[in-house]
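Welcome! Please take a moment to look over the sequence and the 3D structure, and then follow along with the short tour below.

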Amino acid sequence: QIFDESGNIIPVTILKVGPCIITQIKTTLTDGYNAIQIGYGTVSNKSLSQPELGHLQKSNIQPLKYLKEFRVNDPSEFSVGQVLNVESLAAGQFIDVTGKSSGKGFSGLQKRYNFTRG
């Protein structure tokens, strides 16, 4: 939350939109659905497997740690190698955000696996 000049509270969500590179475009003709695959997190060659390296080298893209796929309505708006960053979003634009749940810390076996005593 942030405060405006009159002291009112404004709820906000801060997004870190790193430089994501489009690694593959999937279309209805080739794959049966429309989607783009993006990658982020540059790593060294030795930390990826040969199939992952081959997939990225086919598109002439540096090794990326994470590859995620997102469905889109019109894949013709994107091109392989295009960089997506915060400039792709407009101020006040609504987006859908999903994430992992927060960790629960270390838990004992009774709590973790629903064991009972005795």
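## Ground rules

A residue is called buried when its relative accessible area is under 20%, exposed when that area is over 50%, and partly exposed in between, using a 1.4 Å probe and protein chains only. This is a predicted model, in which local features need pLDDT of at least 70 and side-chain atom pairs count only at pLDDT 80 or more, while totals for chains, interfaces and linings use all residues. Residues are numbered from 1 along each chain as its sequence is written, and side-chain values use heavy atoms, with hydrogens and water left out.

Let's begin with Val43, which sits in the loop between β4 and α2; helices (H or I, at least four residues) and strands (E, at least two) are DSSP runs, numbered from the N terminus. Val43 is partly exposed because its relative accessibility is 23%.

Asn85 belongs to the loop between β6 and α3. With a relative accessible area of 25%, Asn85 is partly exposed. Asn85 and Ser101 are 16 residues apart along the chain, and their C-alpha atoms are separated by 24 Å.

## Asparagines with positive phi

Asn60 is not a glycine, yet its phi is positive, near 60 degrees. You can find Asn60 in the loop between α2 (50–58) and β5 (64–71). Its relative accessibility is 72%, so Asn60 counts as exposed.

Asn114 also has a positive phi, about 60 degrees, without being a glycine. Asn114 is in the segment after α3 (109–113), and its 65% relative accessibility is why it counts as exposed.

## A salt bridge

How many salt bridges does the rule give? The count is one, where a salt bridge is a side-chain nitrogen of Lys or Arg within 4 Å of a carboxyl oxygen of Asp or Glu. Lys26 pairs with Glu69, and their closest N and O atoms are 3.0 Å apart. This pair links distant parts of the chain, 43 residues apart: Lys26 is in strand β3 (residues 20–26) and Glu69 in strand β5.

Is Lys26 buried or exposed? Lys26 counts as buried because its relative accessibility is 14%, while Glu69, at 36% relative accessible area, is partly exposed.

## A nonpolar surface patch

Leu15, Val17, Val86, Leu89, Ile95 and Val97 make up a nonpolar patch on the surface, and together they have about 460 Å² of accessible area. Patches are made of residues with over 30% relative accessible area and no salt bridge, with like charges joined within 9 Å and nonpolar side chains (Val, Leu, Ile, Met, Phe, Trp, Tyr) within 5 Å. Accessible areas come from the Shrake-Rupley method with a 1.4 Å probe, and for residues only the protein chains shown count as cover.

Val97 lies in the loop between β6 (83–84) and α3. Val97 is exposed, as its relative accessible area is 58%.

## The largest pocket

The lining of the largest pocket divides into 14 nonpolar, six polar and four charged residues. Here Ala, Val, Leu, Ile, Met, Phe, Trp, Tyr, Cys and Pro count as nonpolar, Asp, Glu, Lys and Arg as charged, and the others, Gly among them, as polar.
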